[in-house]
Amino acid sequence: MALRTDAYYRTLAQEALRKAGAEEPPVAVEAVAAGLGVPIYKTKLPSWFSGAIVYEDGMPVILLNEAIGEIGVRRTLGHLIGHILVVLEEPGATYPRDKGEHHVADVVASEMTLPTYMVDEQAKKWFNDYRYLARLFGVSESEMLEKMHAMGLIKQRGILWDY
């Protein structure tokens, strides 16, 4: 298996979003799953459980815990789709059942919920107002601020006043 960078996995997520027709926030991560032909089953489960990929007749099904809230469900869905995209894209890749760290799926999930191209476009429209953009994308303000800082849209110096 070839070595891949985080940029490769972010591009993989962006291509899946574009194929699903995601052009405006909030990103319909469910549309990516539908485009892949993967059904989603939502149910209430204990709060420590966020989601899983299970098999039904040899095909993957995404199981989500709706008790963790909308932001958690979107993040989990992006993570699980990340695993599926990697298995589809890379020959010999498998779902990491016993690994404690799922870095690749986390990178894909982050890009699924906050696509760089979309954040850049919307930040220009809304004058880098990270609070408004967080509500627009359906993520926390700290998550949006971190993404915009990583993209270089916001230069963070000193104290960030909340007024």
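Buried means under 20% relative accessible area, exposed means over 50%, and partly exposed lies in between, with a 1.4 Å probe and protein chains only.

The structure above is a predicted model, in which local features need pLDDT of at least 70, side-chain atom pairs count only at pLDDT 80 or more, and totals for chains, interfaces and linings use all residues. Residues are numbered from 1 along each chain as its sequence is written, and side-chain values use heavy atoms, with hydrogens and water left out.

Let me begin with confidence. The mean pLDDT of the chain, that is, the predictor's confidence in each residue on a scale from 0 to 100, is 87, and 89% of the residues score at least 70.

Now the overall fold. The chain has seven helices and three strands, where helices (H or I, at least four residues) and strands (E, at least two) are DSSP runs numbered from the N terminus. Their order along the sequence is α-α-β-β-β-α-α-α-α-α. Of the 163 residues, 39% count as buried. Taking contact to mean heavy atoms within 4.5 Å, 56% of the contacts between residues at least 6 apart in sequence join residues at least 24 apart.

I turn to the core. The largest nonpolar core holds 40 residues, and those with the most contacts inside it are Ile62, Ile81, Met112, Phe137, Met144 and Met148. At least two residues each come from α1, α2, β3 (59-65), α3, α4, α5, α6 (130-137) and α7 (141-151). Helix α3 gives the most, with seven residues. As for Met144, leaving out residues up to four places away in sequence, it touches Leu114, Val119, Tyr130, Leu133, Ala134, Phe137 and Val139.

In α1, the buried residues are Tyr9, Leu12, Ala13, Gln14, Ala16 and Leu17. They pack against α2 (29-36), α3 (70-89), α4 (103-113) and α5 (116-125). In α5, Tyr117, Met118, Val119, Gln122 and Ala123 are buried, and these pack against α1, α6 and α7.

Which residues does Lys147 contact, leaving aside its neighbours within four places in sequence? They are Glu111, Leu114, Thr116 and Val119. Lys147 lies in helix α7 and counts as buried because its relative accessibility is 11%. Its side chain reaches the backbone oxygen of Leu114 at 3.1 Å.

Finally, the backbone. Most residues other than glycine have a negative phi, and most peptide bonds are trans. Against that background, a cis peptide bond joins Pro25 and Pro26, with omega about -5°; Pro26 is in the loop between α1 and α2. In the loop between α5 and α6 we find Phe127, with a positive phi near 55°, and Asn128, with a positive phi of about 60° although it is not a glycine. Phe127 counts as exposed, since its relative accessibility is 74%, whereas Asn128 is partly exposed at 26%.

Note on methods. Core = buried A, V, L, I, M, F, W, Y, C linked by side-chain atoms within 4.5 Å. Polar contact = N/O pair within 3.5 Å; in protein donor to acceptor, adjacent residues only side chain to side chain.
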